[in-house]
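Me: Could you take a close look at one part of this model for me? I'd like the ring geometry first, then the surroundings.

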Amino acid sequence: MQGTVATFDGTTRTGTLLLDDGTELSFPARAFDASGLRLLRLGQRVRVDRDAAGEIVRVTLPTMD
């Protein structure tokens, strides 16, 4: 699943994404930490990985595997 960064707080490492259908989706610090990224920019495209329960477990760039 992909979306666009709507908000990102570098201090708390949390933020929100806007999915392509307009749905707003929040992600926790642990999902950002799992990405290995150092920061996100507003408007940046990202990929979201979820676990079986639907919880966001990783936020990465679409080109990363």
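How many aromatic pairs does the structure hold?

Reply: Quick caveats: this is a predicted model, where local features need pLDDT of at least 70, side-chain atom pairs count only at pLDDT 80 or more, and totals for chains, interfaces and linings use all residues. Numbering runs from 1 along each chain as its sequence is written, and side-chain values use heavy atoms, with hydrogens and water left out.

The structure holds two aromatic pairs (Phe, Tyr and Trp rings, the six-membered one for Trp, with centres within 6.5 Å; planes under 30 degrees apart are stacked, over 60 edge-to-face, the rest tilted). Phe 8 and Phe 27 have ring centres 6.4 Å apart and planes at 20°, so they're stacked. Phe 8 sits in strand β1 (residues 2–9) and Phe 27 in strand β3 (residues 24–27), so this pair ties together parts 19 residues apart in sequence (strands are DSSP E runs of at least two residues, helices H or I runs of at least four, numbered from the N terminus).

Phe 8 and Phe 32 come out tilted, because their centres are 4.9 Å apart and their planes at 50°. With Phe 32 in helix α1 (residues 29–33), that pair ties β1 to a part 24 residues away in sequence.

Phe 8 is buried at 18% relative accessible area, and Phe 32 is buried at 3% (buried is under 20%, exposed over 50%, partly exposed in between, with a 1.4 Å probe and protein chains only). Phe 27 is buried too.
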